[in-house]
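Here are some notes for a colleague who has not looked at this structure before. Please read them with the sequence and the model open.

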Amino acid sequence: MKQIRIVYKYLQHFFTARHTGGHGVHSPFLFNFTNFVIYEKNPFYAYKAIEDIRKSLLKDKREIAVTDFGTGNNRQKTIKSIARRSLKEAKYGQLLFRIVNYFTCQNILELGTSLGITASYLASVSRNIRCTTIEGCAETAKVAADGFKKLGLDNVNQIIGNIDEILPDVLDDNTNLDFVFIDANHRYEPLMRYFEQILPNLNDNSVLIVDDLYWSAEMEKAWKSIKKHPKVSATIDLFQLGIVFFNPQLNKKDYKMRY
């Protein structure tokens with residue numbers, strides 16, 4: 001039933017979203033962002049090394065004990081099965097890389113490290129970046145740490161623990177965030193709580209990304225609430241990801257785009 005819902009939502013998105021670059025986007029800021037970030041096709045130097053890590057994870061038959069605070073499920077899983085189910089497609093990690101690069105973000109927070117591919121893209125833009133990533137499962141975080149080491153990413157600060165419990169302390173240590181990626185608890189109340197907790201640490205030029213917008217009815221409800229929030233200006237819905245801007249100079253506008 002869940003898969004049927006997602007397919008239905010995707011078809012809705014496909015037939016109502018823009019699909020030709022920035023045409024119809026009147027804001028010069030968002031027009032440039034659309035053309036030079038979202039639809040940029042040139043590969044960056046860091047992509048191949050990260051994708052090599054992905055390939056190795058997809059072949060890794062080792063079993064680890066997985067703790068999922070979001071669902072309450074605890075079980076043994078192979079790394080390759082986790083990689084198949086949880087890793088974002090390369091094009092999304094590479095989009096996040098381009099966003100961080102375009103805005104020269106320095107202070108980054110990720111909620112939900114998983115196996116570390118997304119954090120690798122975020123931290124690879126520049127060694128001057130401080131990328132803090134939170135993961136609830138210690139065994140999964142250990143696999144991610146191996147990947148960071150192989151990539152030479154000593155600018156990733158891994159924190160292991162339940163986001164519900166440790167996020168306030170993490171935010172106390174990261175008071176001015178340029179970029180936030182939320183890929184954690186996929187329920188309405190926790191997501192909105194994370195969003196409200198993070199808001200005071202953002203500035204007008206910050207970018208926040210919400211993952212899995214249509215994963216469930218609760219996620220879709222949360223996305224609608226975020227779009228309506230008075231501190232949010234423009235948003236871009238790419239179906240898989242939602243991009244949120246806070247610049248008061250932007251007109252309140254919600255865009256849907258194919259990606």
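In which helix do Arg193 and Glu189 both lie, and how many residues apart are they? Both are in helix 9 (residues 188-198), 4 residues apart, about one turn of the helix. Please keep in mind that this is a predicted model.

1. Arg193 and Glu189 form a salt bridge, with 2.9 Å between the closest N and O atoms. Arg193 is partly exposed, with a relative accessible area of 27%. Glu189 is partly exposed too, at 44% relative accessibility.

2. A pair in helix 7. The side chains of Lys142 and Glu139 meet in a salt bridge with an N to O distance of 3.6 Å. Lys142 and Glu139 are separated by about one helical turn, because they are 3 residues apart in helix 7 (residues 138-150). Glu139 has a relative accessible area of 29%, and is therefore partly exposed.

3. A salt bridge joins the side chains of Lys88 and Asp211 (2.8 Å, N to O). Lys88 lies in the loop between helix 4 (79-86) and helix 5 (90-102), and Asp211 in strand 7 (residues 202-211), so the pair ties together parts that are 123 residues apart in sequence. Are Lys88 and Asp211 buried or exposed? Lys88 counts as buried at 12% relative accessibility, and Asp211 counts as buried at 1%.

4. The whole structure holds 11 salt bridges. Why do such pairs form at all? Side chains of opposite charge can pair when their charged atoms come close. One network of salt bridges links Arg5, Lys9, Glu220 and Lys224.

5. Lys9 belongs to helix 1 and is buried, with a relative accessible area of 16%. Which residues does Lys9 touch, leaving aside its neighbours within four places in sequence? The contacts of Lys9 are Tyr214, Glu220 and Phe239.

6. A nonpolar patch. Val7, Tyr10, Leu11 and Phe15 make a nonpolar surface patch of about 420 Å². Tyr10 is found in helix 1 (residues 2-16). The relative accessible area of Tyr10 is 40%, so Tyr10 is partly exposed.

7. Which order do the strands of the open sheet follow? The sheet has 8 strands in the order 5-4-3-6-7-9-8-10, and the pairing is mixed. Strand 5 (156-160) and strand 10 (253-256) stand at the edges with a single partner strand each, so one side of each is left without a neighbour in the sheet. On average, neighbouring strands of this sheet are turned by 15° against each other, direction ignored.

8. Strand 3 (residues 107-111) pairs with strand 4 (residues 130-135) in the parallel sense, over 5 bridges. Glu110 stands opposite Thr133 in strand 4.

9. The packing of helix 4. Ile79, Ser81, Ile82 and Ala83 are the buried residues of helix 4. What do these buried residues pack against? Their partners are helix 3 (47-57), strand 1 (63-67), strand 2 (74-78) and helix 7. Helix 7 is also where Lys142 and Glu139 of point 2 are found.

Conventions:
Residues numbered from 1 in each chain as written. Predicted model: local features only at pLDDT ≥ 70, side-chain atom pairs only at ≥ 80, totals over all residues. Heavy atoms only, no water. Patch = residues over 30% accessible without salt bridge, like charges linked within 9 Å, V, L, I, M, F, W, Y side chains within 5 Å. Areas by Shrake-Rupley, 256 points an atom, 1.4 Å probe, with all protein chains shown as cover. Salt bridge = Lys/Arg side-chain N within 4 Å of Asp/Glu carboxyl O. Helix = DSSP H or I, 4+ residues; strand = E, 2+ residues; numbered from the N terminus. Buried < 20%, exposed > 50% of the residue type's maximum accessible area, 1.4 Å probe, protein only. Pairing = 2+ DSSP bridges. Axes fitted to C-alpha atoms, helices over the stretch in contact; angles between N-to-C directions. Contact = heavy atoms within 4.5 Å.
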